[in-house]
Amino acid sequence: MKRAAIYRRVSTAEQADSRLGLDSQLKLAVEALRREDLTIPSEPFTDAGVSGSVPLALRKEGRWLVDKIEAGEISIVVALNQDRLFRSMLDALVTLTR
C-alpha cells in the first residue's frame, strides 16, 4: 500500500502570506492526493522559516520525513513544487539516492 506524506515549507513571512503560504500548499497537496485517490495524511511535515538552501535532511521536519521514507513508512511525497523540498540539484540527488 502506498503511503503518502505532504511536505510544505516557507522561508519568509512574505511567502507565508502569498500563494506559496502554508495553507495554500496544504490545500493544493490535498487536492492532488484526492485526484490520485490516495489517503490524506493526518499531519503534514512543515518547516516554517527555513531557507530552501538548507538541505532537506538538515531541517527539523525534513529530517523526520527522510527518516520515515528510509524506514519504508512513506512512499510518496507531495509538495507544491520541487523548490519546497530542494533548492540544489545536489541535495535532490543525494536525498533521492538514499
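## Charged side chains, buried and exposed

Arg84 sits in helix 4, which spans residues 82-85; helices here are DSSP runs of H or I with at least four residues, strands are E runs of at least two, and both are numbered from the N terminus. The model is predicted, with local features needing pLDDT of at least 70 and side-chain atom pairs counting only at pLDDT 80 or more, while totals for chains, interfaces and linings use all residues. Residues are numbered from 1 along each chain as its sequence is written, and side-chain values use heavy atoms, leaving out hydrogens and water.

**Arg84**
- Arg84 is buried, at a relative accessible area of 1% (buried is under 20%, exposed over 50% and partly exposed in between, with a 1.4 Å probe and protein chains only).
- Its side chain makes a polar contact with the side chain of Asp83 at 3.1 Å (N or O atoms within 3.5 Å; within protein, one able to donate a hydrogen and the other to accept it, with residues adjacent in sequence counting only if both atoms are side-chain atoms).
- Beyond its neighbours within four places in sequence, Arg84 has contacts (heavy atoms within 4.5 Å) that include Tyr7, Gln15, Leu20 and Arg59.

**Asp47**
- Asp47 belongs to strand 2, residues 45-48.
- Asp47 is buried but has no salt bridge, and the nearest side chain of opposite charge, Arg59, is 5.0 Å away (Lys and Arg count as positive, Asp and Glu as negative; His and the chain ends are not counted).
- The Asp47 side chain does reach backbone nitrogens: that of Glu61 at 3.1 Å, and that of Gly62, which lies 3.1 Å from one of its polar atoms.
- Setting aside neighbours within four places in sequence, the residues in contact with Asp47 include Tyr7, Arg8, Lys60 and Glu61.

**Salt bridges**
- Side chains of opposite charge can pair when their charged atoms come close.
- The count comes to 5 salt bridges, each a side-chain nitrogen of Lys or Arg within 4 Å of a carboxyl oxygen of Asp or Glu.
- In helix 2 (residues 22-35), Lys27 and Glu31 are 4 residues apart, about one turn of the helix, and they form a salt bridge with the closest N and O atoms 4.0 Å apart.
- Lys27 is exposed at 55% relative accessibility, whereas Glu31 is partly exposed at 31%.

**A network around Arg63**
- Salt bridges link Arg63, Asp67 and Glu70 in a network.
- Arg63 and Asp67 both lie in helix 3 (residues 60-70), 4 residues apart, and their closest N and O atoms are 2.5 Å apart.
- For Arg63 and Glu70, the closest N and O atoms are 3.7 Å apart.
- Arg63 is partly exposed at 24% relative accessibility, as are Asp67 at 35% and Glu70 at 38%.
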